[in-house]
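Colleague: I would like to go through this model with you and ask what each label rests on. Please show it first.

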Amino acid sequence: MATIRIPPVLRPSVGGEREVEADGATVGDVLANLVEAHPATRDQLFGEDGDLNRYVNVYLNDEDVRVLDGLTTAVTAADSLVILPAMAGGSRPSLRI
Amino acid sequence: MSQSGSELLRHIKGQIKEVDPSEVVQLLGEGVVVVDCRETEELTAGVLPGSVHIPRSYLETRIEGVVPDRSQRIILYCASGVRSAFGAHTLMAEMGYDDVESMAGGFILWKDRGYEVEVPRSFSAEQRERYSRHLLVPEVGALGQQKLLDARVLLLGAGGLGSPTALYLAAAGVGTLGIVDDDVVDLSNLQRQVIHTTDRIGTSKVDSAAETIKALNPDVNVIGYPTRLDASNIIEIIEGWDIIVDGVDNFPTRYLLNDASVRLGIPVVSAAILGFEGQLSVFAPGHGPCYRCLFRQPPPADMAPSCGANGVIGVLPGTMGLLQATEVIKLIVGAGDPLIGRLLMYDALAASFTELKVRQDPECPICSRDPEDIGDDELGVFPDYEAFCAASG
């Protein structure tokens with residue numbers, strides 16, 4: 001089972017865990033199993049076209065899967081997936097356009 | 001068989017290439033790395049323009065940080081050409097560098113010939129004392145401190161991230177700090193915004209930060225912008241700054257800043273924080289990916305939590321802000337490997353750092369183009385921009 005690192009914004013959708021494990025031979029399979037176990041993650045990870053949302057990056061170990069083979073990138077049990085959503089938390093709540 | 005020092009020098013010089021100053025003067029700025037291997041205190045007489053300083057005693061341990069490419073052409077010089085001859089021999093014979101030369105006659109001959117030298121600024125007695133720990137660090141030294149004093153760094157916000165960044169950059173002697181913030185100090189800020197004080201609640205953050213900075217280091221000139229960044233003023237505000245420190249809490253401003261900084265070619269040291277987690281990266285136009293290469297578009301407003309709504313542990317912006325300040329200082333003095341093309345994630349609860357690669361996107365809508373072609377009406381625009389801004393208020 002591959003390890004998936006869950007970012008803060010997704011933790012409420014996986015019962016508060018920082019890391020979860022999921023089966024799968026490819027990145028797509030692992031994420032599909034994550035979504036099956038935690039359905040609330042679906043809309044945050046995938047668009048209506050079934051592709052990863054453009055504001056979410058998924059890394060196999062330290063490499064963006066988009067520069068590998070995307071959702072068909074092969075995964076082994078020793079691999080870690082990192083889900084990285086865009087995060088803007090910073091210093092100034094009042095700074096708005 | 002033992003040999004005398006002069007015999008050894010003759011032997012070494014027979015095995016390396018020497019280059020005359022008249023040739024070196026033609027090579028400055030032509031892609032050759034010129035390394036000054038004298039001791040720090042010898043630099044007061046001046047240095048070759050554009051040279052980097054690695055004292056001979058640190059040459060073997062530091063050369064790879066400065067010149068990782070073994071095929072790069074390197075010219076070493078010292079005062080007279082002796083230490084640089086030994087250094088050139090070591091780099092080629094022991095460390096596998098292919099193309100290292102020693103400048104014959106060293107700095108003394110260079111200066112006698114009347115070629116241009118850069119003379120490090122003379123520091124006041126107070127500055128020598130104030131920055132003495134920097135002057136002792138080879139990566140900073142007198143030249144690095146001069147660069148810090150000449151540097152202009154713009155901070156977006158004097159809040160959680162901006163507070164520690166501003167304090168340490170001011171302490172380091174960054175000569176000009178710009179601060180953009182239209183907010184006033186609030187009691188709820190003081191859990192993390194350490195540049196402000198309880199007795200300044202209700203006063204402008206720009207003024208409060210400037211007061212603290214002036215008290216810490218009178219060398220620093222503070223330029224305040226008590227305004228909000230928007231598409232109409234961003235170019236005017238950020239133009240002319242050497243480095244921008246970004247820690248704003250909302251996506252429209254991050255995209256706006258990215259696009260404007262790519263257009264103007266200004267590096268941005270960027271951090272984001274939430275809860276117990278932080279992200280950090282350096283976006284240097286022309287040298288690596290931009291923010292849009294990392295995230296083509298922001299999440300919808302309902303999936304974009306901010307610290308104001310979700311909270312943040314007070315020390316976290318301190319940690320991330322100081323990592324930003326560290327990257328700023330590295331960029332200014334030219335030391336080490338900046339966090340370009342990499343993203344550092346810090347998980348405070350796990351006490352762990354994770355590094356991810358950030359690739360330049362050949363189809364990036366902003367940084368794949370000629371910067372001059374990025375129009376005013378494109379700055380900060382992304383799909384569903386209107387809806388995003390309406391939803392985020």
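Colleague: What do the buried residues of helix 1 of chain A pack against?

Modeller: They pack against strand 1, strand 2, helix 2 (42-45), strand 3 and strand 5 of chain A. This is a predicted model, in which local features need pLDDT of at least 70, side-chain atom pairs count only at pLDDT 80 or more, and totals for chains, interfaces and linings use all residues. Residues are numbered from 1 along each chain as its sequence is written, and chains are lettered from A and ligands numbered from 1 in the order in which they are written. Helices (H or I, at least four residues) and strands (E, at least two) are DSSP runs, numbered from the N terminus.

Colleague: Which residues of that helix are the buried ones?

Modeller: A:Val27, A:Gly28, A:Val30, A:Leu31 and A:Leu34. A residue is buried if 20 or more other C-beta atoms lie within 10 Å of its own, exposed if 12 or fewer, and partly exposed in between, with C-beta atoms placed from the backbone.

Colleague: Why are they said to be on the same side of helix 1 of chain A?

Modeller: Because they cover an arc of only 165° around the axis; the arc is that of the directions from the helix axis to the C-beta atoms. Helix 1 (residues 27-37) lies across strand 1 (2-5), strand 2, strand 3 and strand 5 of chain A, and runs at about 115° to strand 2. Axes here are lines fitted to C-alpha atoms, for helices over the stretch in contact, and angles run from 0 to 180 degrees between N-to-C directions.

Colleague: What makes strand 2 and strand 4 of chain A edge strands?

Modeller: Strand 2 (19-22) and strand 4 (63-64) each pair on one side only. Two strands pair if DSSP finds at least two bridges between them. The open sheet has five strands in the order 2-1-5-3-4, with mixed pairing. Within it, five bridges join strand 3 (residues 56-60) to strand 5 (residues 80-85), which run antiparallel; A:Val56 has A:Pro85 as its bridge partner.

Colleague: How many bridges join strand 2 of chain B to strand 3 of chain B?

Modeller: Two, with the strands running parallel, and the definition asks for at least two. B:Asp36 stands opposite B:His53 there. Strand 2 (residues 33-36) also pairs with strand 4 (residues 74-77) of chain B, in the parallel sense over four bridges, and B:Val35 stands opposite B:Leu76.

Colleague: Why does B:Leu27 count as partly exposed?

Modeller: Because B:Leu27 has 14 C-beta neighbours inside 10 Å, a count between the two cut-offs. B:Leu27 lies in helix 2 (residues 21-27) of chain B.

Colleague: Which residues have the most contacts inside the largest nonpolar core?

Modeller: A:Leu81, B:Val153, B:Ala166, B:Leu177, B:Ile244 and B:Val328, in a core of 98 residues. A nonpolar core is a set of buried Ala, Val, Leu, Ile, Met, Phe, Trp, Tyr and Cys residues joined through C-beta atoms within 7 Å. Helix 15 (residues 315-333) of chain B gives the most to this core, with nine residues. Apart from it lies another core, of 29 residues, among them B:Val35, B:Leu76, B:Leu91 and B:Phe107.

Colleague: How confident is the predictor in chain B?

Modeller: Chain B averages a pLDDT of 91, and 95% of the residues score at least 70; pLDDT is the predictor's confidence in each residue, from 0 to 100. The model scores ipTM 0.89 and pTM 0.79.

How values were computed: Two residues are in contact if their C-beta atoms, placed from the backbone, lie within 7 Å.
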